[in-house]
Amino acid sequence: MTLEWSAELEIGIPVIDSQHQRIVEYINKVELAHQHHSQEELLLVLDELVDYTLSHFAFEETLMEEAGYPFIKAHKKVHALFTRRIAGYQQRAKSGEDVTEELTHTLKAWLVNHIKHDDRDYSGIVKENMNAATKRAKAKKGSWMSRLFG
Ligand SMILES: [Fe+2]
Ligand SMILES: [Fe+2]
């Protein structure tokens, strides 16, 4: 069954929410490839999913670091463990094993749980930090503008 995106999965940071939405789309694509009985398509989507997820993790980790999120170490560990897990599935799929059911089940359960708990946990401090950075940038621009045109 496809995983439906819902407001329940939003953490309130638009850039992160859209990345999570994209990961959900990839997971659904994995299932679709399985329904098409195409191993080639499956491996391709898996590659895309892994690439995208890795860059999402790196992005999140940068935001957490910049915000001084106190549990970043634990969060990074969870990302690393998950990365290793998908790599394992990818390896098995490459050697011809049919891992789709197990894989999509794991992906869905893990993602939903991770977003709802771990990602939501950093959302407050990261959002605050992002807002402060935007304000600083605006203030800087303001002073530059006022110096130039004032
Ligand atoms: Fe995330
Ligand atoms: Fe995360």
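Visitor: Leaving aside its neighbours within four places in sequence, which residues is L103 in contact with?
Guide: L103 is in contact with V30, L46, I86 and Y89. Contact here means heavy atoms within 4.5 Å. Please bear in mind that this is a predicted model, in which local features need pLDDT of at least 70 and side-chain atom pairs count only at pLDDT 80 or more, while totals for chains, interfaces and linings use all residues. Residues are numbered from 1 along each chain as its sequence is written, chains are lettered from A and ligands numbered from 1 in the order in which they are written, and side-chain values use heavy atoms, with hydrogens and water left out.

Visitor: How many residues has the largest nonpolar core?
Guide: The largest nonpolar core has 35 residues. Such a core is a set of buried Ala, Val, Leu, Ile, Met, Phe, Trp, Tyr and Cys residues joined through side-chain atoms within 4.5 Å. Buried means under 20% relative accessible area, exposed means over 50%, and partly exposed lies in between, with a 1.4 Å probe and protein chains only. L49, I86, L103, L107, L111, Y122 and V126 have the most contacts inside the core.

Visitor: On to the metals. What are the protein donors of the iron ion (ligand 1)?
Guide: They are H20 (NE2), H56 (NE2), E60 (OE) and D119 (OD), at 2.1 to 2.2 Å from the ion. Donors are N, O and S atoms within 2.8 Å of the metal (3.2 Å for Na, K and Ca); water is not among the atoms, so sites may look incomplete. In sequence the donor residues are spaced H-x35-H-x3-E-x58-D.

Visitor: Why is the arrangement around the iron ion (ligand 1) called irregular?
Guide: The 4 donor atoms subtend angles of 82 to 165°, which makes the arrangement irregular. Four donors count as tetrahedral if all angles lie between 85 and 135 degrees; four count as square planar and six as octahedral if opposite donors are over 155 degrees apart and all others between 65 and 115; anything else is irregular.

Visitor: Are E60 and H75 buried or exposed?
Guide: Both E60 and H75 are buried.

Visitor: And which residue bridges the two iron ions?
Guide: E60 bridges the iron ion (ligand 2) and the iron ion (ligand 1), which lie 3.5 Å apart.

Visitor: Changing topic: how many salt bridges does the count come to?
Guide: The count comes to 6 salt bridges, each being a side-chain nitrogen of Lys or Arg within 4 Å of a carboxyl oxygen of Asp or Glu. One of them joins K29 and E48, with the closest N and O atoms 3.8 Å apart. K29 lies in helix α1 and E48 in helix α2, so the pair ties together parts that are 19 residues apart in sequence. K29 is partly exposed at 40% relative accessibility, and E48 is partly exposed at 32%.

Visitor: What does E31 pair with?
Guide: E31 forms a salt bridge with K108, the closest N and O atoms being 3.0 Å apart. This pair links distant parts of the chain, with E31 in helix α1 and K108 in helix α4, 77 residues apart. E31 counts as buried at 13% relative accessibility, and K108 counts as buried at 15%.

Visitor: Which residues are linked in a network of salt bridges?
Guide: R92, E97 and E102 are linked in that way.

Methods. Helices (H or I, at least four residues) and strands (E, at least two) are DSSP runs, numbered from the N terminus.
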